[in-house]
2 protein chains.
Amino acid sequence: MSTLAQNKADLERASTAQKVADMLRERVLLGELEPGLRLSEEAIGGALGVSRNTLREAFRLLTRDRILVHEHSRGVFVRRPTADDVRDLYAARRVIECGALRLWNAVGDAQREAVRAPVRQAVARAEKNDFSKTGSANIQFHRGIVGLAGSARLSDESDRLLAELMLAFRVAHEVEAFHQTYLPWNRKIVELLNDGTVEQAVQQLDEYFDAAEQDLASRLLAD
Amino acid sequence: MSTLAQNKADLERASTAQKVADMLRERVLLGELEPGLRLSEEAIGGALGVSRNTLREAFRLLTRDRILVHEHSRGVFVRRPTADDVRDLYAARRVIECGALRLWNAVGDAQREAVRAPVRQAVARAEKNDFSKTGSANIQFHRGIVGLAGSARLSDESDRLLAELMLAFRVAHEVEAFHQTYLPWNRKIVELLNDGTVEQAVQQLDEYFDAAEQDLASRLLAD
DNA sequence: ATTGTTGGATTGTTGAACGATTCTACGATA
DNA sequence: TATCGTAGAATCGTTCAACAATCCAACAAT
């Protein structure tokens with residue numbers, strides 16, 4: 001934990017714009033700033049004590065992360081994913097995660113453990129009727145899968161997709177209940193992986209995506 | 001082509017920062033701005049006639065696209081990919097493109113044609129000893145493959161990976177000669193696809209990546 | 001109900017300013 | 001000679017104020 005590479009990150013302190021962007025991202029993903037909400041430069045900048053220029057830099061960062069959308073001369077808004085967005089999102093996730101999962105037998109055990117552990121924890125908690133962190137456990141599971149590919153770039157993009165999906169859940173008013181539904185699926189996938197039947201696990205993951213996409217898309221259309 | 005949705009894109013003309021970013025991106029990818037070069041805010045801003053604030057917004061955009069790297073209080077530089085970057089890049093491409101290619105039988109013929117056409121054109125030109133556009137044909141081939149997934153987000157990320165790879169070629173002094181080498185491979189892949197042996201095509205693509213990565217990484221290490 | 005019109009509010013962009021950080025060159029010291 | 005430290009220049013980070021361009025909401029006219 002105390003390598004020089006670690007310390008380097010501390011030294012390279014974030015710029016103000018970066019810090020503002022991080023804070024806003026958190027606010028949005030926590031649901032304090034609803035999808036569709038317009039973020040006034042003056043209001044936010046005043047509240048945070050940063051200049052308009054710096055704030056605009058932060059907005060650009062979040063726009064590129066698809067957290068915000070930028071409309072020319074109208075301002076920036078918290079992204080409000082549509083059913084079409086959800087389709088696109090899941091098409092991307094399907095390719096990335098199914099592709100990464102197929103590498104199961106080619107990677108080291110540490111990487112495999114990053115897939116198993118979140119499910120194990122979620123199961124343990126669920127048996128005690130503690131569903132507090134099932135959401136983040138589900139996300140960790142999928143992050144673990146993408147991590148099998150061993151590409152930081154792919155993991156970063158996956159994080160962006162996941163964040164955007166968070167917003168879609170928010171729009172569908174399905175933040176808490178959602179993740180719990182799919183724990184059995186994750187469990188089954190890990191079982192199949194441990195059995196060495198990777199292709200079956202991939203197929204299971206694919207079905208998971210089908211179900212999740214259907215569920216979410218239908219809720220968005222009803223909106 | 002003349003739908004209202006199309007016109008909308010024209011109306012929403014890019015901001016100055018966006019236009020500056022587009023111009024700089026082109027300059028970098030054309031090789032007019034070498035990897036490693038530092039881009040002075042004052043020099044570039046003065047030459048382009050935009051203010052520092054606007055220019056900095058453009059820099060942020062390109063930084064997020066991994067065209068530039070930003071070092072705190074030191075400025076922005078044209079990205080100079082390392083051998084490690086190349087490994088990461090190909091790990092990502094392998095997952096994305098192999099995953100997308102496996103969807104061959106699930107997509108419409110227009111999408112399949114976007115994969116075949118670039119290879120057909122490149123072959124036709126090569127027979128006339130015209131190697132002028134083999135580079136972009138190769139890129140179009142891979143863009144076509146990613147397009148099979150039907151996700152704009154995935155295609156965008158793929159474009160970023162490809163652009164970054166362009167920079168790596170540039171560092172390796174291998175811009176022109178590179179693409180030609182792999183035309184036979186692309187041809188073979190299309191043949192296998194047309195034969196209906198998708199899995200074999202995927203395997204062939206995987207080997208293509210192996211060879212390309214090896215080639216490029218070794219040239220970068222020698223640098 | 002639809003279509004101008006008109007202020008008022010907000011964004012887009014600029015230019016200047018100044019503290020903070022980095023770089024460069026030049027000596028000082030061993 | 002090589003290393004170290006330091007002053008000064010150059011550049012970045014951030015803020016502020018200003019103004020033009022654009023959008024919006026309310027109202028008037030048809």
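1. Let's start with R94(B): at 18% relative accessibility, this arginine counts as buried, because buried means under 20% relative accessible area. Keep in mind as you read that this is a predicted model.

2. What does the side chain of R94(B) meet in a salt bridge? Its partner is E213(B), with 2.4 Å from N to O. R94(B) belongs to helix α5 (residues 83–101) of chain B, while E213(B) sits in helix α11 (residues 198–221) of that chain, so the pair ties together parts that are 119 residues apart in sequence. E213(B) is also buried, at 13% relative accessibility.

3. Now turn to chain A, where E199(A) and R102(A) form a salt bridge whose closest N and O atoms are 3.2 Å apart. E199(A) lies in helix α11 (residues 198–222) and R102(A) in the loop between α5 (83–101) and α6 (109–127), so this contact links parts of chain A that are 97 residues apart in sequence.

4. R116(A) is buried, with a relative accessible area of 17%, whereas E113(A), at 26% relative accessibility, counts as partly exposed.

5. Next, have a look at the strands of chain B. Strand β2 (residues 68–71) is joined to β3(B) by four bridges, and the two run antiparallel. In this pairing, L68(B) stands opposite V78(B) of β3(B). Strand β1 (residues 38–39) pairs with β3 (residues 75–78) as well, again in the antiparallel sense, over two bridges. Here R38(B) has F77(B) in β3(B) as its bridge partner.

6. Finally, look at the turn itself. The hairpin of β2(B) and β3(B) has three residues between the strands, and S73(B) takes a positive phi near 65° there. When you trace the strands on either side, remember that in a regular strand the side chains alternate between the two faces of the sheet.

Key:
Residues are numbered from 1 along each chain as its sequence is written. Chains are lettered from A and ligands numbered from 1 in the order in which they are written. This is a predicted model: local features need pLDDT of at least 70, side-chain atom pairs count only at pLDDT 80 or more; totals for chains, interfaces and linings use all residues. Side-chain values use heavy atoms; hydrogens and water are left out. A salt bridge is a side-chain nitrogen of Lys or Arg within 4 Å of a carboxyl oxygen of Asp or Glu. Buried means under 20% relative accessible area, exposed over 50%, partly exposed in between (1.4 Å probe, protein chains only). Two strands pair if DSSP finds at least two bridges between them.
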